[in-house]
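Please find below my notes on the model you sent. They are set out as numbered points, to be read beside the structure.

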Amino acid sequence: MCGIAGILNLNKQQEIPLNTIKSMAEILQHRGPDGFGFYIDDTIGLAHARLSIIDLEGGWQPIYNENKTICIILNGEIFNFIELREFLIDKGHTFSTKSDTEVIIHLYEEYGIECLNHLNGQFAFAIWDKEKERLFLARDRVGIRPLFYTLANGTLIFASEIKSLFMNERINREIDPYALDQIFTFWMTIPPRTAFRNIYELPSGHYMVVEKGNMNIRQYWDPDFIPDTNLRTEAEYAEALLELLVNSARLQLRADVPVGAYLSGGIDSSVITTLIKRYTDTPLRTFSVTFSDKAYDESAYQRQMIEFLGADHSNINCTYSSIGNVFPEVIWHTETPILRTAPAPLFLLSKLVRDSGYKVVLTGEGSDEILSGYDIFKEAKVRRFIEKYPDSKFRPLILKRLYPYLANSPVRALKYAEAFFNVDGNDYPAEYFSHMPRWSTTSKIKVFFSDHLKDILSNHTHFDELSRLVTNDIGKYDYLSQAQYIEIKTLLSGYLLSSQGDRVAMAHSIEGRFPFLDHRVIEFCCKLPPSIRINVLTEKYILKESMKNLLPASILNRTKQPYMAPDSKSFFNGNKLDYADELLSTSCLKDAGYFDPKAVSMLVKKCRQNKALGFKDNMAIVGILSTMLVHELFIKHFDKNISINRLRVNKELHAIC
Amino acid sequence: MLTTTMQLKSEIRQFIVDNFLYGRDDDTLGDEVSFLGKGIIDSTGILELVSFIEEKYIISIDDEELIPDNFDSLNKISTFVFKKTTL
């Protein structure tokens with residue numbers, strides 16, 4: 001795990017500025033605090049900030065092939081490197097290190113770009129093939145590791161984080177208004193768009209080749225929900241899933257440093273920790289977040305699992321003020337506006353892991369997407385059920401079974417819920433059915449956009465960009481698979497693995513690993529019959545079946561509680577935050593120009609009175625404040641030390657419980 | 001003293017403009033405008049409106065009464081609340 005950066009001359013020879021290359025690496029130091037490595041020739045400069053996990057002595061980068069004509073910088077891990085190494089040695093390759101990085105170089109020599117198909121891992125890398133004068137950039141299948149790029153002054157500049165790109169003085173820093181429109185609809189930008197104008201991300205499952213001035217971006221992997229033609233019994237599927245998960249967890253525990261695990265109290269992290277305990281020799285060390293606000297707290301379930309597993313455990317307790325206090329630093333790392341504070345507790349958690357002497361954690365992310373865990377999937381199923389007989393008096397009653405964990409459930413007023421879920425079917429492509437209530441509810445918060453921003457955005461639709469992301473013909477899928485595909489292609493990589501994943505973990509040099517996102521597990525789950533992913537309204541049914549003899553019944557059968565954190569209360573519950581007061585002031589809002597100051601002041605008043613109850617107000621206040629923070633940190637004053645210190649609430653951010 | 005429907009309507013309008021339109025009433029909030037149709041009040045917003053009405057007019061509203069027929073426009077709400085307060 002690390003940070004990478006580079007500058008490539010595209011069509012004219014100009015000196016690659018070593019100082020810029022160095023500064024691009026330095027600002028990524030949180031990703032790689034153990035040391036730097038550089039490569040520079042007439043055409044390209046590469047930088048690497050290292051977090052040592054495998055081959056601690058020998059794994060410094062860049063790493064070269066036998067005759068030093070090809071070099072690589074990698075952010076991430078190749079989990080099947082031991083098997084690949086043996087295979088490549090058999091083929092006659094000579095290794096100079098024991099690192100996982102080096103296998104990519106020799107695989108590339110062997111297979112060229114198709115080396116990607118042999119990798120099991122989470123990665124973003126750059127290979128410079130000097131003889132061919134070819135730069136080859138690639139990103140893992142689901143976008144666990146980030147990679148951004150831009151074109152400026154005849155060069156291609158790329159890096160693990162946008163702030164590293166901004167170390168090049170010639171790059172304009174500007175928020176992209178269309179990105180704001182997308183974030184305030186989908187909770188994310190649609191790749192390759194990012195929050196900043198002319199800054200792009202390489203989409204998950206894609207690679208880029210730049211050769212002789214030509215730049216080509218291609219997709220090499222996409223989840224495909226093709227039903228299994230060789231149908232098996234439920235028990236056989238459950239057994240096969242367990243076997244794959246055990247194998248994936250074992251592979252992902254490969255490291256030359258100790259590996260811990262997150263434990264939320266939900267089924268997914270309970271599965272991962274149980275697999276570590278039962279099927280590996282790794283000592284079980286677990287970490288979790290608890291909340292003072294009981295509406296979000298899952299510590300009762302965490303305690304059950306800790307006792308059940310006999311884990312060596314630490315937790316960090318989050319209060320409203322601990323979230324509000326660290327929020328500016330969180331946004332420094334997310335590099336995008338967000339609509340929920342949920343990344344903040346995970347930022348605090350990664351600090352706890354780091355302070356406990358760990359660099360790597362396994363987590364349960366990805367299970368909800370590939371095994372149908374989210375409410376949005378059940379919600380879509382229920383809507384289809386009601387839609388079949390729209391006049392039925394009884395069918396809508398099933399809505400009552402959604403959201404049992406919410407105090408202000410949107411289904412309490414049943415007739416309103418029916419109307420809410422009955423989004424007009426003519427305005428959008430049919431395959432977006434499942435996600436339209438979410439997107440249309442979120443879009444309501446654009447009421448806060450300034451008139452100027454609204455003018456820019458008028459007559460603009462995102463469905464064209466979205467349809468370029470939806471590269472498979474999902475019209476042929478069953479409804480559940482359509483919904484899962486969209487969730488994987490949008491929120492998984494665009495928010496969950498980035499703002500709530502890589503960015504807040506790497507903020508404290510922590511590498512997250514995700515056994516559910518081993519591509520063999522994903523491909524297996526994509527083939528499962530939909531009825532065993534959600535059985536009636538039981539989510540992740542087949543996972544529960546496969547774990548029924550391994551997990552306590554109280555964990556298996558508990559009501560799913562999605563991970564959330566207090567939103568508006570984190571900023572306004574008796575917690576005076578100078579930065580929030582300043583950034584939400586009429587003068588700051590007017591100066592930035594994105595929002596209508598009068599409307600925001602009414603929302604702030606509502607939040608201060610603790611009357612911001614619904615999703616809309618909470619998403620709006622977090623979205624507005626985080627946008628203003630992005631503006632402050634990256635546009636107005638782009639200097640980490642100055643910006644963060646100015647906004648920092650106190651330096652002793654949190655206590656370990 | 002009984003509140004008239006006109007007064008009711010004006011007070012409720014103000015609450016909706018402040019809380020759901022955040023002061024941005026661009027003259028779209030006619031008496032007959034459907035809140036759901038215009039996306040002004042969603043299914044959690046309705047609970048905010050209900051708690052305002054219950055507190056302000058000292059009435060209690062059952063879940064069964066939470067239907068668009070009673071709440072989906074200024075006219076409908078003021079008629080419904082007027083009936084409840086005068087019963």
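The points below take up the domains, the sheets, the helix packing and some backbone details in turn.

1. The model is a predicted one. Contact between them involves 23 residues of domain 1 of chain A and 25 residues of domain 2 of chain A. On the domain 1 side, the touching residues comprise 13 nonpolar, 6 polar and 4 charged.

2. Antiparallel sheet of chain A. Six strands make an open sheet in the order β4-β5-β6-β7-β11-β12 (chain A), and the pairing is antiparallel. The edges are taken by β4 (63-64) and β12 (214-219) of chain A; each has a single partner strand, so one side of each has no neighbour in the sheet.

3. Inside the antiparallel sheet. Strand β7 (residues 134-139) of chain A is joined to strand β11 (residues 206-211) of chain A by 5 bridges, and the two run antiparallel.

4. Helix α3 (residues 101-111) of chain A lies across β4, β5 (70-78) and β6 (121-129) of chain A. The direction of α3 of chain A is at about 125 degrees to β5(A).

5. Parallel sheet of chain A. A further open sheet has 5 strands in the order β15-β14-β13-β16-β17 (chain A), with parallel pairing. Its edge strands are β15 (312-318) and β17 (511-513) of chain A, each of which pairs on one side only. On average, and with direction ignored, neighbouring strands of this sheet are turned by 30 degrees against each other.

6. Inside the parallel sheet. Which strand is joined to β13 (residues 259-262) of chain A by 3 bridges? The partner is strand β16 (residues 360-362) of chain A, and the pair runs parallel. A261(A) has L362(A) in β16(A) as its bridge partner.

7. Helix α10 (residues 343-355) of chain A lies across β13, β14 (285-291), β15 and β16 of chain A. Its course is at about 140 degrees to β15(A).

8. Helices α17 and α18 of chain A. Helix α17 (residues 479-496) of chain A packs on helix α18 (residues 498-506) of chain A at an angle of about 30 degrees, with the axes 5 Å apart. The angle counts as roughly parallel because it is under 35 degrees. The contact brings S493(A), G494(A), Y495(A) and L496(A) of α17(A) to S498(A), S499(A), Q500(A) and G501(A) of α18(A). By class, these contact residues are 2 nonpolar, 6 polar and no charged.

9. Helices α5 and α14 of chain A. The axes of α5(A) and helix α14 (residues 436-443) of chain A come within 6 Å and cross at roughly 125 degrees. The two helices, α5(A) and α14(A), are therefore oblique to each other. F184(A), T185(A) and F186(A) of α5(A) make the contact with W439(A), T442(A) and S443(A) of α14(A). The residues of this contact divide into 3 nonpolar, 3 polar and no charged.

10. Helices α1 and α4 of chain B. Helix α1 (residues 5-19) of chain B and helix α4 (residues 74-86) of chain B pack at about 125 degrees, their axes being 9 Å apart. That angle makes α1(B) oblique to α4(B). The crossing of α1(B) and α4(B) is right-handed. From α1(B) the contact takes T5(B), L8(B), K9(B), I12(B) and R13(B), and from α4(B) it takes L74(B), I77(B), S78(B), T79(B), V81(B) and F82(B). The contact of α1(B) with α4(B) has 6 nonpolar, 3 polar and 2 charged residues.

11. Backbone details of chain A. Most peptide bonds are trans, and most residues other than glycine have a negative phi. The bond from Q61(A) to P62(A) is cis, with omega near 5 degrees, and P62(A) sits in the loop between β3 (44-50) and β4 of chain A. The bond from P191(A) to P192(A) is also cis, with omega near 10 degrees; P192(A) belongs to the loop between α5 (177-186) and β10 (200-201) of chain A. N153(A), which is not a glycine, has a positive phi near 55 degrees. The place of N153(A) is the loop between β8 (148-152) and β9 (155-159) of chain A.

How values were computed: Residues numbered from 1 in each chain as written. Chains lettered and ligands numbered in written order. Predicted model: local features only at pLDDT ≥ 70, side-chain atom pairs only at ≥ 80, totals over all residues. Contact = placed C-beta atoms within 7 Å. Nonpolar A, V, L, I, M, F, W, Y, C, P; charged D, E, K, R; others polar. Pairing = 2+ DSSP bridges. Helix = DSSP H or I, 4+ residues; strand = E, 2+ residues; numbered from the N terminus. Axes fitted to C-alpha atoms, helices over the stretch in contact; angles between N-to-C directions. Parallel < 35°, antiparallel > 145°, perpendicular 65-115°, else oblique. Left-handed = near helix turned anticlockwise from the far one by under 90°.
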